[in-house]
Amino acid sequence: MRNIPLLLAFLILLSPAGHGQTVEKKRYKAEKITSAPVINGILDDEAWQTGSWIDDFIQFEPYNGREASQRTEFKILYDDDNLYVAIKAFDTSPDSIVNRLTRRDNPDGDLVGVIFDSFYDLRTGFLFGVTSSGVKYDQMFLNDGQSEDSSWDPNWWVKTSVNEEGWVAEMKIPFSQVRFEKNSGNIWGLEVARSLYRNNETMFWQHIPKDAPGLVHLFGELEGLEQIRPRKIFDATPYTVARAETFKAVPENPFLAKGNLKNINGGIDAKIGVTNNMTLDLTINPDFGQVEADPSVVNLSAYETFFSEKRPFFIEGKNITNFNLGIGDGDVGNDNLFYSRRVGRRPQGYPDLEDGWYADIPAVTTILSAAKLTGKTKDGLSVGFIEAVTAEEKAEVDNEGERTFQTVEPLTNYFVGRVQKDFNEGKTIVGGILTSTNRYLEGGDLAGFLHKSAYTGGIDFTRYFKEKNWMFSLSTAFSQVNGSKEALEKTQKSSARYYQRPDNDYVTFDPDRTSLFGSGGRAQIMKLNGHLNIMGVITWKTPGFETNDLGYIREADQVLSVLWAGYNQWEPKWIYRRYNVNMDVYSIWNFGGDFVTQGYEYNASMTLKNFWNVWTGGNVSGSTLSAGMLRGGPMMKVPGSYNTRVGFSSDSRKKLGFTFYTNASKGFRNYSLNFNSGVELSYKPTNYLSLSFNPGYSKSYSELQYVTRLNFNDEDRYIFAAIDRKTINTSFRVSLNLSPDLTLQYWGQPFIACGRYYDHKYIIAPMADNYNDRFHVYTASQINDEGSRYTIDENADGTVDYNFGKRDFNVQEFLSNLVVRWEYSPGSSVYLVWSQNRSGFNDTGNLRYFDDLGNLFDPSENKPHNIFLVKFSYRFGLK
């Protein structure tokens, strides 16, 4: 990988200049009306006699550029307040139209939609789509269609109907829901799309070549809107929540003695148009009780588990505040200056309790208020600002009837500011970001491990070349954290950097430090068009780079380079409809100049003519110099590994769907062995009911699992063990959709995980060339099992030298979540929610699935924690 620039240049020379065929842009003229149609999906109003019906649609998939197999017509009208869109989806077999009811933004069936580039910036599109059963599907296309935001949920009206000629969609879209500049109505970008579900066919009014580098800049054009004026949105949605909890009563604990809790809460959300194209979202005392729980995990590493954001306020528009420094998926790909799960997190402190004391500790930090300003001007200036304040959280402590309070999370202010500017029709983009976290830490124990303030910032630059067929981007970022000596000592010793490593001679561990500065960045070049795509990228994070107060980073002190190439074939031939293959080679260094590791990866997938999918992939990694293996000790050489994975899935359009996947990896020198497999079953017995069942099983072995660090004869002892782990997890989901606006969804997840530690050992020469020389396995005369602990007589003199606890575990959980949602008017809804958590633990280290699961439902051993809530919200505002 030291020759990445040469390899990249070679691939560039070999790749065809290739660019999508030039397609003439179509134009459609909207007509103004004085009498608005009634939105009923029938098109029997006089208004629809005005204007022209257009029916010139071309296939996008599967046969790009061919004439559509079914005729589609559309018409666009408007008045002073709204756009009106009618789409006729003709079908020669109307009894074959798929009318499945689902939740919003999860379409399953025949679909039509209209996309407006109302900014006419050739980069941003607003999609208003609907299935034949009337389910809304709306989202924003960003960055010329290279990214999408399906969390965008505007307030608009649509009705559908099926007739003997096909089906019809009738829409009313308020101008307040579409952002545009005053006097910008001369030209909008326009695309109209249809999906014919049974044929897996997608057709567009404005043809877009499949090898085009982007979508939005190729849209057709909408004219005739010269008389429109922007409408500023003003929506206020107050809510109230009634909540009840039941749990196992603990008579000696005054906080749990009754076994139940009840409360009523309220708040307000608002969406306000500050200018024609800038929207301010406000929330006061938000409630996210309807949000599904995070999946169960058992994390034995030193690194934080990444969980996806699910709260609506933070999901909507998240692409605007995104500043990613990673590559691809997974935790490395999640390196970002803004990780919204930091806001309203579980309190980070814990009360100081003595024997016989009890505490009531908040489960989450209260968000007092939050504001989000987002928008984009016609000149290409995009902005995204978030300001949030979270409350000081206190644990109430009971000492034999005497109550005191201890702070477990300080009053905190979070800020994110993101700005981007387009130049030259989006071919050049320059942007920046600034984040800050400020905590009130006057006195108290929290100042010993939390930063008083933390700041990050960055600048990014993107340039497209050769009709957007090539792209170069550069992002740079900095971080600075400030706090007490104790807090900064913990930061220096954290798993992200391990300044205290005895062999770390390129950074200085300073226990008197009160601030830490670092930087990071990413540079990449990509070929975007045609069948062959390539990418060269390098990322870097200095040892002092720290973003975890408001962002997410697993490891700093890293330079990563990747050379990737992929080939896509999308024209159906032989046995396939499409396939793609890709591969990459990567190398990692640290800032001390050490070559950490190198690896190779490959992936391939194919969609067959019968709409089944098959895929495979794998990777080989060389030996790794791990800075974190000894968790603050010296680097250790760890054997490399190889991995392979395969899977297949049936036609997802059918009532019964099936997916199978498996992967296995093995460490060289028999250092590790991992296997996991799973199936995904889905069944749609009717158009309004869907069921899914996804069981999975994993089994793993590692010869080197960290246990603890001890001291013997003034020397560190890094204690490890072999570990066998087994996990069985299942998720099942029931979705009952009584109408597009009334849904019931249940999700359940039983989870059993166990781990058994054995063959304990300590590290003696972590960098030895011979793998077996790096550690010493305790002999039978050195280690003694004392039940809950092991005692060690390392020098065999008959005296216990040190001891450590057993780590065997068996974790059981069963999570349930039932949500009934009724959107009785756009933006106004009622939620009925029941969530339940059953959990258990033992230290056997053995997996007995049915016994373990049965224990969770044994009333003599386990009483679940139930939460019931009713949430009512009503939207006041412009229609």
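1. In this predicted model, Asp138 is located in strand S8, which spans residues 136-142. Its relative accessible area is 0%, and Asp138 is therefore classed as buried. The side chain of Asp138 makes a polar contact of 2.5 Å with the side chain of Arg104. Apart from residues up to four places away in sequence, Asp138 touches Arg104, Asp105, Leu127, Ser150, Trp152, Asp153, Pro154 and Trp156.

2. A search of the whole structure returns 41 of them. In general terms, side chains of opposite charge can pair when their charged atoms come close.

3. Glu442 and Lys452 form a salt bridge in which the closest N and O atoms are 3.3 Å apart. Both partners, ten residues apart, lie in the loop between strand S24 (428-439) and strand S25 (453-465). Lys452, at 37%, is partly exposed.

4. A further salt bridge joins Lys637 to Asp769, with the closest N and O atoms 3.5 Å apart. This pair links distant parts of the chain: Lys637 belongs to strand S34 (residues 636-638), while Asp769 sits in the loop between strand S40 (742-763) and strand S41 (775-777), and 132 residues separate the two. Lys637 is buried, its relative accessible area being 19%; the cut-off for this class is under 20%. Asp769, by contrast, is exposed, with a relative accessible area of 65%.

5. Arg848 and Asp851 also meet through their side chains in a salt bridge, at 4.0 Å from N to O. Arg848 counts as partly exposed at 40% relative accessibility, and Asp851 is likewise partly exposed, with a value of 48%. Elsewhere, salt bridges with shared partners connect Arg104, Asp138, Asp153, Arg821 and Glu823 into one network.

6. Asn590 lies in the loop between strand S30 (576-589) and strand S31 (595-608). Is Asn590 buried or exposed? With a relative accessibility of 7%, Asn590 counts as buried. Its side chain is directed to the backbone at two places. A polar atom of the Asn590 side chain lies 2.9 Å from the backbone nitrogen of Gly592, and the side chain of Asn590 also reaches the backbone nitrogen of Asp594, at 3.0 Å. Not counting residues up to four places away in sequence, Asn590 touches Tyr506, Asp557, Val596 and Met635.

7. Arg513 is placed in the loop between helix H4 (485-493) and strand S27 (515-527). Its relative accessibility is 23%, and Arg513 therefore counts as partly exposed. Which residues does Arg513 contact, leaving aside its neighbours within four places in sequence? They are Ser484, Lys485, Leu488, Gln492, Tyr499 and Thr508. With one of these, Gln492, the side chain of Arg513 makes a polar contact of 3.5 Å. For another, Leu488, the C-alpha to C-alpha distance from Arg513 is 6.3 Å, across a sequence separation of 25 residues.

8. Three strands, in the order S18-S21-S22, make up an open sheet with antiparallel pairing. Its edge strands are S18 (358-360) and S22 (402-409), each of which pairs on one side only. Direction ignored, neighbouring strands of this sheet are turned by 30 degrees against each other on average. How many bridges join strand S21 to S22? Strand S21, covering residues 393-399, is joined to S22 by seven bridges, and the two run antiparallel. Within this pairing, Ala395 stands opposite Gln406 in S22.

Notes: Residues numbered from 1 in each chain as written. Predicted model: local features only at pLDDT ≥ 70, side-chain atom pairs only at ≥ 80, totals over all residues. Heavy atoms only, no water. Helix = DSSP H or I, 4+ residues; strand = E, 2+ residues; numbered from the N terminus. Buried < 20%, exposed > 50% of the residue type's maximum accessible area, 1.4 Å probe, protein only. Contact = heavy atoms within 4.5 Å. Polar contact = N/O pair within 3.5 Å; in protein donor to acceptor, adjacent residues only side chain to side chain. Pairing = 2+ DSSP bridges. Axes fitted to C-alpha atoms, helices over the stretch in contact; angles between N-to-C directions.
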